[in-house]
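I set out to record, entry by entry, what I looked up in this structure.

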Amino acid sequence: MPSLSDQLKRLDAHSSVSNEFRVRTFQGAFLSITTLVVIVYLISTELSFNFTATTNNHVHVNATTPDGLEIEFDVTFPNIRCALLSVDADDPTGQKQSLHIDKTHRVFKHRLKGGKIFGRRSKFELGDTFHQVEHLEDMARTKGLKEEDPKEKREEEEEESSADDEEECGSCYGAEDEGECCNTCDDVKRAYSRKGWHLKDVHTVKQCKHLTSSKDEDGEGCNIHGIVALSTGGGNLHVTPGRGLEQMGTQKENMISISDFIMEAFESFNVSHTVNKIRFGREIPGHVHQLDGREQVIEDAYGMYQYYIQVVPTLYRFLNGTEIQTNQYSVTEHLRHVQPASSRGLPGVFFFYEVSALHVEIEEYRKGYIHFFTSVCAVVGGVFTFMGMADRMIYSRTKLGSGGNDHLG
């Protein structure tokens, strides 16, 4: 009666062939080396594929509305003086939005010359932007400017001011809260606005004595960057002419006309710009921002550049379970040409945004060890089988070509 070990040997599906029955060939050696190289390469790719984090995207209707929308932006205007720029935000009805300025949410501007930043950055006064030509006309009349009279045009001669943008801890002239410092002219204006007071003459304020006129920054540009918090109900963030235009044509002995004032405002506001950066929340891995580095050159100075941005709330979940609540966006662009007498608005750059009703969830995951070992078995078995078939085919053709005689020594 056969022993148990003899009975088990009958089940051997991997029986070995004696060396005396093996035929070793050059092409067989080449295919064996190729098999080893291919297996090592495919296993390394499977290792990377199965243990590198990938993402799954899920889209669903957003049942809740985010509490607020944080926007970080960095825009360069190579042809507009910092003194003329102002930033503000409106809701969809055209009413002003609060920008929620605090220690985290601030906007700054830097003067540019020859494409390079110089001087100290200054805190930006937000609000008080102008959208329509009528706004300029009203301001010109409050300044005492006359109706058009071409013969009364003047040539400006302003003294250069070497004053710094900021002091160590300047006075707010009675409008400060406890412990508050007003280091810039914008800080003084903001403090007065918060109290509901009117600042009659900014030139009596020490921090405002260095305010530049429209000619003082001739040939300069401006970089604006900062973080603001806006409503999730939609609206726009815009950079347009602001109260800095008040410094144009203020010398009484050389008063200019209203039409000249408006024309100078248009000529001074070429909205060619570069969007260095714009974000609607925290960064997430691998995300490409559509507007980063976008340069727009306006051939004429009378342009209103408009970006229409669809903001998509996004939840990013990492492998370790931590989450980031942020936003992605898509954008379309439009250039609207405006003229001083067209009543179509003033030059500027507008970022119109709308929060989507859809919500995206991005989740990191790895396939893991089971999938990896399954793939390795498939790779090894498949390569050995294919190379074995190739070896037999080559050997058969070689054998037929030599007359079909094999001699065993």
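**Entry 1. The nonpolar core.** By a nonpolar core I mean a set of buried Ala, Val, Leu, Ile, Met, Phe, Trp, Tyr and Cys residues joined through side-chain atoms within 4.5 Å. I note at the outset that the model is a predicted one. I looked up the largest such core and found 34 residues in it, of which Phe73, Ile278 and Ile309 touch the most other members. I then listed the elements that contribute two or more residues to this core: β2, β3 (85–90), β6 (221–230), β7 (235–241), β8, β10 (303–317), β11 (323–337) and β12 (348–355). Strand β2 gives the largest share, 5 residues.

**Entry 2. Contacts of Ile309.** Which residues is Ile309 in contact with, leaving aside its neighbours within four places in sequence? I found Ile278, Phe280, Leu291, Tyr329, Ser330, Val331, Phe351, Phe352, Tyr353 and Glu354.

**Entry 3. Strand β6 and its partners.** I checked how far β6 is covered: 9 of its 10 residues are buried, so the strand is largely enclosed by the rest of the structure. Strand β2 pairs with β6 in the antiparallel sense, over 9 bridges. Within that pairing, I located Asn223 of β6 as the bridge partner of Thr76. Strand β4 (residues 107–113) also pairs with β6, over 6 bridges and in the antiparallel sense. There I found Val107 opposite Gly226 of β6.

**Entry 4. Strand β8 and its partners.** Is β8 (residues 273–279) mostly covered or mostly uncovered? It is mostly covered, with 5 of its 7 residues buried. I traced 5 bridges from β8 to β2 (residues 69–77), and the two strands run antiparallel. Thr76 stands opposite Thr274 of β8, and I recall from the previous entry that Thr76 also has Asn223 in β6 as a bridge partner. I also traced 3 bridges between β8 and β9 (residues 294–296), again antiparallel. In that pairing His273 faces Gln296 of β9.

**Entry 5. Helix α2.** I compared the span of α2 (residues 26–51) with expectation: its 26 residues reach 38 Å from first C-alpha to last, close to the 38 Å expected at 1.5 Å a residue. I listed its buried residues as Gln27, Gly28, Leu31, Thr35, Ile39, Glu46 and Asn50.

**Entry 6. Aromatic rings.** I found 10 aromatic pairs in the structure. I examined the pair of Tyr369 and Phe373, whose ring centres are 6.4 Å apart and whose planes meet at 25°; the pair is therefore stacked, since planes under 30 degrees apart count as such. Both residues belong to helix α6 (residues 369–401), where a spacing of 4 residues separates them by about one helical turn. Tyr369 is exposed, with a relative accessible area of 59%. I noted that Tyr369 and Phe373 form one aromatic cluster together with Phe51 and Phe372.

**Entry 7. Backbone at Tyr173.** I looked up Tyr173 and found a positive phi of about 55°, although the residue is not a glycine. Tyr173 lies in the loop between α3 (133–142) and α4 (185–195). With a relative accessibility of 33%, Tyr173 counts as partly exposed.

Methods
Residues are numbered from 1 along each chain as its sequence is written. This is a predicted model: local features need pLDDT of at least 70, side-chain atom pairs count only at pLDDT 80 or more; totals for chains, interfaces and linings use all residues. Side-chain values use heavy atoms; hydrogens and water are left out. Buried means under 20% relative accessible area, exposed over 50%, partly exposed in between (1.4 Å probe, protein chains only). Two strands pair if DSSP finds at least two bridges between them. Rings of Phe, Tyr and Trp (its six-membered ring) pair if their centres lie within 6.5 Å; planes under 30 degrees apart count as stacked, over 60 as edge-to-face and the rest as tilted. The expected span of a helix is 1.5 Å times one less than its number of residues. Contact means heavy atoms within 4.5 Å.
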